[in-house]
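Here is a briefing on the structure shown below. Please read it with the sequence and the model side by side.

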Amino acid sequence: MKTMTVPLFFFFILGGLSIASSLMVVFQRNVVHSAMSLVATLFLVAVLFLTLEAPMIAVLQIFVYAGAIMVLFLFLIMFLNPTVLEGRQPLWWGLGFVAALLFALELVTLLSPTPLPEARIAPAADEFGSPQMLAHSLFNDFVLPFEVASVLLLVALIGAVVLAKREG
Amino acid sequence: MIVELGIIAAKAALVLFMVLNLAGLLGWIERKGSALIQNRIGANRASIFGFAGLGLVNTLIADPIKFLTKEDFIPPHGDKLLHTLAPCLALFPALVTFAVIPFGDILILGERVINLQVANLNVGILYIFAMASLSVYGIVIGAWASNNKFSLLGGVRGSAQMISYEVAMGLSVMGILMVYGTLELQEIVRGQGAPLRDWLPAFLKPVLGWLPAWGIILQPVAFLLFFTAAVAETKRIPFDLPEGESELAAGYHVEYSGGKFLMFFAGEFAEIVTAAALTTTLFFGGWQVPFLMRDGFYFPWGGSLLLPHLAVVVLQVGAFGLKVLFFCWLQILLRWTLPRFRYDQVMRLGWKMLLPAALANVIVTAVLIVAFQETR
């Protein structure tokens with residue numbers, strides 16, 4: 001049993017809260033409540049990243065997921081207003097169960113106590129995860145995939161505009 | 001360890017104290033300022049137990065008491081939980097943004113060097129935009145939980161407006177980041193302390209080289225774009241479409257009263273303070289006083305005036321406060337001077353004017369930096 005240090009203490013609080021809020025995503029009947037619980041989960045995971053001294057990932061997590069994608073989700077939910085959930089279908093229950101089982105198996109294999117070889121847990125460089133380092137690897141080592149991804153996003157954007165125009 | 005934690009807690013408490021009190025004070029300044037502009041007297045009837053002597057103090061105390069003692073009405077078919085949560089979501093982002101804004105350089109106390117900034121994150125400005133992107137929730141959730149058509153329309157308008165102007169705001173800052181080459185706000189402010197001659201082509205150096213390299217001088221277009229977008233983000237006239245009284249009653253907070261309305265109200269004023277502080281930090285040198293170095297003034301025409309360390313710190317923090325106050329006042333002035341836009345005009349301004357202009361500014365800045373890189 002490890003001794004309780006301050007970071008560990010915060011980790012348990014944050015981890016517990018994020019597990020609780022992610023359970024709320026699944027078990028809430030009200031869709032808007034579910035969506036807001038998901039926002040809370042994403043935010044708490046971002047704070048976990050912050051405690052791991054990875055502010056870049058934390059900020060991107062909030063920026064992209066909590067601040068942009070979930071807002072669109074919420075918009076759709078509010079406009080379609082599905083206040084009453086449809087009846088549970090056995091097929092979905094089955095699929096969900098299989099997916100959960102697979103995920104649990106994966107977690108068990110990940111968490112099983114196989115000690116990592118010493119070489120793989122070398123301390124990270126001071127600059128690791130900083131915006132400079134991220135930009136450096138994006139624009140040097142991965143510049144082609146980066147540009148291809150941006151073209152893909154542009155195509156998706158134009159496609160969305162074209163589809164919207166056709167409807168009107 | 002304990003002392004370090006204490007210092008951080010003290011800095012956070014000080015910043016929160018200043019922001020919240022300035023937000024409260026701005027409520028009074030707005031009422032008196034609007035009266036000044038419209039040739040009225042303004043708030044002058046607050047008396048506590050018949051004592052009206054201290055005009056300002058009385059109003060400042062009476063306003064919150066009035067808010068807090070009024071009925072807190074929750075619409076019967078609304079969502080009780082989210083209706084209560086929404087004002088908190090509206091106030092939270094405006095307050096936490098301040099964590100990365102530097103309000104001074106460094107304070108040396110004995111052996112200890114204290115960075116006058118609550119959290120020095122290496123992602124700096126990205127943190128601010130991440131927090132700003134969360135402020136949509138207060139409006140959307142408040143609007144939906146009220147179960148009122150005017151509310152929902154206001155909420156939809158508000159979130160569309162905020163998302164649109166966030167894009168222009170983020171892109172307009174890009175020029176500043178490129179010029180000073182960092183995301184950290186403290187470093188951006190330090191970069192603005194250097195003389196302008198490092199940035200200028202040779203023939204301009206003797207003429208303008210003595211000016212401090214503030215953001216407004218290096219990136220004037222970015223300043224206009226950023227300030228416009230920042231005012232639009234606060235959802236006040238001329239961009240107050242989410243709560244346009246003549247169309248939507250009061251928009252997303254039409255069903256709010258009492259303490260919860262006070263929180264929306266305080267959130268709006270905290271956003272004003274945040275916008276002012278950001279404008280100051282990015283474009284007006286933050287805590288920099290022209291020609292003031294860490295040990296005193298060094299004037300470009302020769303001559304210097306050495307000052308003790310504490311005086312320098314007080315001057316810097318004071319300068320930051322004054323600049324922030326100026327931009328708060330400018331936003332109040334804007335609100336009581338300009339007429340309201342139409343909604344389609346707001347959208348057109350955001351997407352068809354600010355966004356292309358910000359993109360053009362990024363490209364021009366990049367070209368200029370590459371062109372003059374040799375000379376620096």
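**Briefing: a buried threonine and its surroundings**

Thr274(B) counts as buried because it has 27 C-beta neighbours inside 10 Å. The cut-offs are these: a residue is buried if 20 or more other C-beta atoms lie within 10 Å of its own, exposed if 12 or fewer, and partly exposed in between, with C-beta atoms placed from the backbone. This is a predicted model, in which local features need pLDDT of at least 70 and side-chain atom pairs count only at pLDDT 80 or more, while totals for chains, interfaces and linings use all residues. Residues are numbered from 1 along each chain as its sequence is written, and chains are lettered from A and ligands numbered from 1 in the order in which they are written.

- Thr274(B) sits in helix α12 of chain B, residues 258-283. Helices (H or I, at least four residues) and strands (E, at least two) are DSSP runs, numbered from the N terminus.
- Beyond neighbours within four places in sequence, Thr274(B) contacts Ala94(B), Thr97(B) and Phe98(B). A contact requires C-beta atoms, placed from the backbone, to lie within 7 Å.
- Leu338(B) is 64 residues from Thr274(B) in sequence, and the two are 21 Å apart in space, C-alpha to C-alpha.
- The largest nonpolar core holds 115 residues, of which Phe226(B) and Val273(B) touch the most other members. Such a core is a set of buried Ala, Val, Leu, Ile, Met, Phe, Trp, Tyr and Cys residues joined through C-beta atoms within 7 Å.
- Helix α12(B) gives the most to this core, 15 residues.
- Val273(B) has contacts with Val19(B), Leu22(B), Ala23(B), Val324(B) and Cys328(B), leaving aside neighbours within four places in sequence.

**Strands of chain B**

- Strands β1 (residues 106-109) and β2 (residues 112-115) of chain B pair in the antiparallel sense over four bridges. Pairing means that DSSP finds at least two bridges between two strands.
- Ile106(B) has Asn115(B) in β2(B) as its bridge partner.
- β1(B) and β2(B) make a hairpin with two residues between them. In the turn, Gly110(B) has a positive phi of about 60 degrees.
- An open sheet of three strands in chain B has the order β3-β4-β5, with antiparallel pairing. Its edge strands are β3 (292-293) and β5 (304-306) of chain B, each pairing on one side only.
- β3(B) is joined by two bridges to β4 of chain B (residues 296-298) and runs antiparallel to β4(B). Met293(B) has Gly296(B) in β4(B) as its bridge partner.

**Chain A**

- Chain A has six helices and zero strands.
- Buried residues account for 15% of its 168 residues.
- Of the contacts in chain A between residues at least 6 apart in sequence, 51% join residues at least 24 apart.
- Chain A divides into domain 1 (1-83) and domain 2 (130-168), with bounds from an automatic or database domain assignment. The centres of the two domains of chain A, taken over C-alpha atoms, are 25 Å apart.

**Where the chains meet**

- 18 residues of chain B are in contact with 16 residues of chain A.
- On the chain B side, α4 (125-134), α5 (136-145) and α6 (149-180) each supply at least two residues. The largest share, six residues, comes from α4(B).
- By class, this side of chain B has 15 nonpolar, three polar and no charged residues. Here Ala, Val, Leu, Ile, Met, Phe, Trp, Tyr, Cys and Pro count as nonpolar, Asp, Glu, Lys and Arg as charged, and the others, Gly among them, as polar.

Definitions and conventions:
Two residues are in contact if their C-beta atoms, placed from the backbone, lie within 7 Å.
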